[in-house]
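Biologist: Could you walk me through this protein? I'm new to reading structures, so please take it slowly.

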Amino acid sequence: MSTLLQARSQCFQRRAAMRFLLGLLASVGHWLPIVLTSTMVAMVFAQGNLLILGQGAAEEGSWESLPSLLLAWLLLVGVLGNMGLFMWRDPSIKRVFLPSHQGQGWRYCYHCESYVPPRSHHCFECHVCVLRRDHHCVFFGRCVGFANLPAFVACLLHLWLGLLYSLVLNAHTLVALVQQGFSVRLLLSLFMPWLMWILGQMDSWDFLSTFVADMSFVGFLFVSGMLAFHMWIVAHGQTSAEWTHGFKRYDLGLQRNLQQTLGDRWYLLWLSPFLPARLPPGDGIHFTEGHSAAPQTASAPAAPSRRGARTVKNL
Ligand SMILES: [Zn+2]
Ligand SMILES: [Zn+2]
């Protein structure tokens, strides 16, 4: 009898340990993207600061470095502040009271077991429906939706400026390398600085400068594309999915599109993440249509449909 009890106890302990391990892995997976992104931002920022201070010291007047340092810190505050706002504002239907009378375009989500409003879509990474869902951001590990789109766009803008600034600061490193003339050594130094560093062909500072310059260049191209695309769809009142399908039901004209998606004070978005009224107007449930300029009227909800029944009409 006691052997049986011992076996059951061990089995219970093993299951508890397995549950703890799975929970830990899920938690690590949840936070890993934002930790990696923050680490990259911190690395670029730290190297930029060292570069500015080094230049200041070389020119004997460290006061000359002050405006450059101030600009770097302002950009860092912009990136991290907007990143924090993005993570803090939950765009999902959790903690949102969805009205019992559904209107046109509502549909049933079998995963959330709830009717959800138009423009909401289920995210299979976040395991929840997201209001006015745009996409799931792999770098932040969260969905971009109604509540956090302004912070996302502002973060992209500050990242773009920060990477541009880093490129300017590191330009001399790249120019010095290229001036050595075309060779295999140049190609390896540019594209695989870590290999040259391991082989002892590059000192630690040159490695760090080239690595950050490479990262800034690739990051700058990527963020430029992302920022241009999101400014385009925001200007046209669309989500990424609506843009893919050429769906323009919510296009209200440039100024109102900017107000509806980025908030009434959209023109101050680039200044600071700590300005008030950074939420877009509305509730993420009801949207004004462009052709009628009137909110959607209540009518019978769409019949429950499985995944895959998504149509342009219901976007
Ligand atoms: Zn759902
Ligand atoms: Zn998601």
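Biologist: Let me start with one residue: which residues does Cys155 touch, not counting those up to four places away in sequence?

Modeller: Keeping in mind that this is a predicted model, Cys155 touches Val79, Asn82, Met83 and Phe86 once residues up to four places away in sequence are left out.

Biologist: Which helices do those belong to, and what else makes that contact?

Modeller: They are part of the packing of helix 2 against helix 3, where the two axes lie 8 Å apart and meet at an angle of about 150°. Because angles over 145 degrees count as roughly antiparallel, helix 2 is described as roughly antiparallel to helix 3. Helix 2 passes helix 3 in a left-handed crossing. From helix 2 the contact is made by Leu71, Ala72, Leu75, Gly78, Val79, Asn82, Met83, Leu85 and Phe86, and from helix 3 by Ala151, Phe152, Ala154, Cys155, His158, Leu159, Leu161, Gly162 and Tyr165.

Biologist: How many of those are nonpolar, polar or charged?

Modeller: By class, the contact of helix 2 with helix 3 has 14 nonpolar residues, 4 polar ones and no charged ones.

Biologist: OK, zooming out: how many helices and strands are there, and in what order do they come?

Modeller: The protein has 8 helices and 6 strands. Of its 315 residues, 29% count as buried. Among contacts with a separation of 6 or more, 58% are between residues 24 or more positions apart.

Biologist: And the largest nonpolar core, which residues have the most contacts inside it?

Modeller: That core has 44 residues, and those with the most contacts inside it are Phe152, Val153, Cys155, Leu156 and Leu159. Several elements each supply at least two of its residues, including helix 1, helix 2, strand 4 and helix 6. The largest share, 11 residues, comes from helix 3. As a general background point, nonpolar side chains tend to be buried together in soluble globular proteins.

Biologist: New topic, the loops: which loop holds Arg95, and which one holds His127?

Modeller: Arg95 is in the loop between helix 2 and strand 1, while His127 is in the loop between strand 3 and strand 4. Arg95 has a positive phi of about 60° although it is not a glycine, and His127, also a residue other than glycine, has a positive phi near 60°.

Biologist: Why do they count as exposed?

Modeller: Arg95 is exposed because it has 6 other C-beta atoms within 10 Å, and His127 is exposed because it has 10; the cut-off for exposed is 12 or fewer.

Note on methods:
Residues are numbered from 1 along each chain as its sequence is written. Chains are lettered from A and ligands numbered from 1 in the order in which they are written. This is a predicted model: local features need pLDDT of at least 70, side-chain atom pairs count only at pLDDT 80 or more; totals for chains, interfaces and linings use all residues. Helices (H or I, at least four residues) and strands (E, at least two) are DSSP runs, numbered from the N terminus. A residue is buried if 20 or more other C-beta atoms lie within 10 Å of its own, exposed if 12 or fewer, and partly exposed in between; C-beta atoms are placed from the backbone. Two residues are in contact if their C-beta atoms, placed from the backbone, lie within 7 Å. Axes are lines fitted to C-alpha atoms, for helices over the stretch in contact, and angles run from 0 to 180 degrees between N-to-C directions. Angles under 35 degrees count as roughly parallel, over 145 as roughly antiparallel, 65 to 115 as roughly perpendicular and the rest as oblique. A crossing is left-handed if the near helix is turned anticlockwise from the far one by less than a right angle, and right-handed if clockwise. Ala, Val, Leu, Ile, Met, Phe, Trp, Tyr, Cys and Pro count as nonpolar, Asp, Glu, Lys and Arg as charged, and the others, Gly among them, as polar. A nonpolar core is a set of buried Ala, Val, Leu, Ile, Met, Phe, Trp, Tyr and Cys residues joined through C-beta atoms within 7 Å.
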